[in-house]
Every structure is written in C-alpha cells, then in structure tokens.
Amino acid sequence: MDFLILGLNHKTAPVEIRERVSFSTSGISCALRLLQKYPFVSESLILSTCNRVELYAVVEDKVEGLKSLKEFLYRYHELKDSLDPYLYFYENELALRHTFRVTSSLDSMVVGENQILHQVRQAYLRAQEAGSTGRVLTSVFQEALRVAKMARTQTGINKGAVSIGSVAVELAKEILKDLKDKKILIIGAGKVSELTVKNLAERGVNLILVANRTFENALKLAQIFQGEAIKFDKLNEVLKEVDIVISSTNSPHYILRKKDILSVISERGHKPLFLIDLSVPRNIEHAVSEIKDTHLYNIDDLQKISQLNLKERLKEAHKAEKIVKEESDKFYAKITDIFLYGHMIVDVKEAMMGCLNIPFVGSS
C-alpha cells in the first residue's frame, strides 16, 4: 500500500497548461468515480484550484498505481501530447509532508493565503460524498486540516496581503498608481471576487461594478461594498467606461474575446484598458493582448508581487514550516494504526517502502 500524489502547479506549469487539466467543481464527483475504477487505486481525492491540479491516491502497487493516475489524467482531459515535463509526484512520507504544506498554504503562490484551507476542505468533502476516501485519506486530510489551523494560529503567516484578490489589487495599484477615482469592473461573484472587492473597498475605491451571470449574486456582492451590480448582457456597454477589469469565474469558456474588446476600444477614445484575468481556465482570450491600448495580465503575472509580499512574511513562513515538519513527522511515526492490509495492521515503513525516485511510467 502506498500514498501517492501526482500533479502540477504554478511552479511547474504555466496557466495555459494548468487550464488544460483543471477539473470543474461540478465534474469532480464524476471524475472521482471514474478514477476509482482504475486498477490498483483504493482511495482518491482531486484538488483543482487556479494554481494547482493534484491527484491524491492510496494504491495497492506503487508503479501500477502511478501508471493508473497518469492514464486517468490523460484520458479524462483527452490529452494528446505529453505533460510529463510539467508533472511531479510524491510518495508516502514526502506525499504526507506535501499534503500538510499545501493545506497550510506553504506551497501557494501567495504564501499564507486563506483560501486554500477552504479549497482543501471542499476537495475532501467532495471525495467523501463520491465514496472515494477510505481510512487512510480520511486520517491524512483530517490531520492536514488540523495542522494548517495550528500553523495559522501559532504564526503570523496569514497577516498582510494573503489572497489572490489582494495581490490582484496590488497589481492594479501598481498599474494605475491611485485607485480611488478609478472605475473598476469585477466579473464574477465567488470567493476570489469577494476578496478582491473587499480589498478595493479598503483602499478607498468607491466606483466598483460587479457583473455575474446570476444577477442576484452580483447584486448581493455589490450591496455589501456599496457597489453597483451590472447585468451580464450589459458587459460591452460597461467596458466603454471602466479603467480596469478583474475577472474571476468558473466559466470553462472565454467571457471576453478579442472581438468584444475591438468593438469598444475605439469608443473609449483609445483610453487604456487594463484587464486582470484570475481564472483557470482563463476568462479572457489571450489575443486581447494584441489590441493597441489594451493590457492583459493573467494569474501567473501575480507571482512577482506575491514574492515581494513573501519577503515580509518569511520569518513567519519559517515558523510554519517547522510546525508542519514536526507534525508531519509525528503523524508519519504513528500512522501504523491507520494503514491496514487485509485484516492485519502492518508496519508503515514496510507498507510504504520504495524508491523515492521512481520514473514516470508512460501515459496512454
């Protein structure tokens, strides 16, 4: 029995690769049920965010289990070319440590960000609902969530600009210098959009427009921060007057295309339009960047700013790393009571024994 993680993230793959293997929230349950049908996979969980896609699995055979995970990833997303250069995998003790680090936001683009804890919890609950978790993953993720809370309460890792939304606002400020008199359009009404609007309001921005396919959700978010809700079919009209657009939705398709921006740019009198796309898959067609007076940024462009914020919290991050390592080591040492083989409890080091540098087995 082995605990494996196969994945890619913002460190190993650009957004144009990550979006090809992302899982929609509505499709994860079905994907998990399909993954459970693969040979040697006993338990599984899928974590898919804007910055990472990771498959967590308990397998009966390490080599064959890894082969099954790769085959599932390629077939599910109908991939024709190899993603091997972008993929990483961890096994057993290193997989456990990685799980704790991810949940504690130490592996995030924005170290200390708060959203990952919620995302991991939701991934765990969806896996439970799909019936793909067992005694091992249940124990591992319950412990990971506990350790993540400990790291936050015992350190200052989550102080300051610690969300994708807050970093997006930092980028907007860097672009436009003073945001107070700027008109900003937020597309989407989810958690990232809420955090973005909150950060804009805290910086004194009072010209905030919110557009969402479900108008009621746009209205709800706009009212919290004294903004204005915009109906989705009015986007092109609003684009004529805003200074910056920040988009974050779960749409699997482009919301704004080159033709949409071309249709309004001349009516803006060629006033510069700045767009920040926080979504994976992307909401704004990359070709938009080819339009004169239009400047497009995606989530990978936030890394420079997030690294500056990290320097300010590096001491706290080191404290959190120490907590994660200590708790991971302690949990690994007592995991003998969790790993079962048939009707017998086996020694975890024997159950998890194996080479840490096993090469990838070919994809389908």
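A search of the whole structure, a predicted model, finds one cavity of 30 Å³ or more. A cavity here is a set of points, on a 1 Å grid over the protein atoms alone, where a 1.4 Å probe fits but cannot get out. Local features need pLDDT of at least 70, side-chain atom pairs count only at pLDDT 80 or more, and totals for chains, interfaces and linings use all residues. Residues are numbered from 1 along each chain as its sequence is written, and side-chain values use heavy atoms, with hydrogens and water left out.

The largest cavity has a volume of about 90 Å³. Volume is the space filled by probe spheres set on the grid points, which are joined across faces, edges and corners. Lining residues have an atom within 4 Å of a point. For the largest cavity they are Thr-49, Cys-50, Asn-51, Arg-52, Ser-108, Met-109, Glu-113, Gln-115, Ile-116, Gln-119 and Ile-164. Helix H5 (residues 115-129) gives the most to this lining, with three residues. Helices (H or I, at least four residues) and strands (E, at least two) are DSSP runs, numbered from the N terminus. By class, the cavity lining has four nonpolar, five polar and two charged residues. Ala, Val, Leu, Ile, Met, Phe, Trp, Tyr, Cys and Pro count as nonpolar; Asp, Glu, Lys and Arg count as charged; the others, Gly among them, count as polar.

The largest pocket holds about 940 Å³ of space. A pocket is an open set of points with protein on both sides within 12 Å along at least five of seven lines. Its lining comprises 34 residues, with Thr-25, Ser-48, Thr-249, Asn-250 and Val-280 nearest the centre. H5 and H8 each supply at least two residues of the pocket lining. The largest share, five residues, comes from H5. Twelve nonpolar, 18 polar and four charged residues make up the lining of the largest pocket.

Val-280 is also joined to Pro-281 by a cis peptide bond, with omega about 0°. Pro-281 is found in the loop between strand E9 (273-277) and strand E10 (294-298). Phe-40 is placed in the loop between H2 and strand E2 (41-48). Most residues other than glycine have a negative phi, and most peptide bonds are trans.

Two helix pairs were examined. The axes of H7 (residues 164-176) and H8 (residues 191-202) come within 7 Å and cross at roughly 45°. Axes are lines fitted to C-alpha atoms, for helices over the stretch in contact, and angles run from 0 to 180 degrees between N-to-C directions. H7 and H8 are therefore oblique to each other; angles under 35 degrees count as roughly parallel, over 145 as roughly antiparallel, 65 to 115 as roughly perpendicular and the rest as oblique. H7 passes H8 in a right-handed crossing, with the near helix turned clockwise from the far one by less than a right angle. Ile-164, Gly-165, Ser-166 and Val-169 in H7 meet Val-192, Thr-196, Asn-199 and Leu-200 in H8. Contact means heavy atoms within 4.5 Å. The residues of this contact divide into four nonpolar, four polar and no charged.

For H2 (residues 28-35) and H3 (residues 62-76), the axes come within 11 Å and cross at roughly 135°. That makes H2 oblique to H3. The crossing of H2 past H3 is right-handed. Ala-31, Leu-34 and Leu-35 of H2 make the contact with Leu-69, Phe-72 and Tyr-76 of H3. The residues of this contact are six nonpolar, no polar and no charged.
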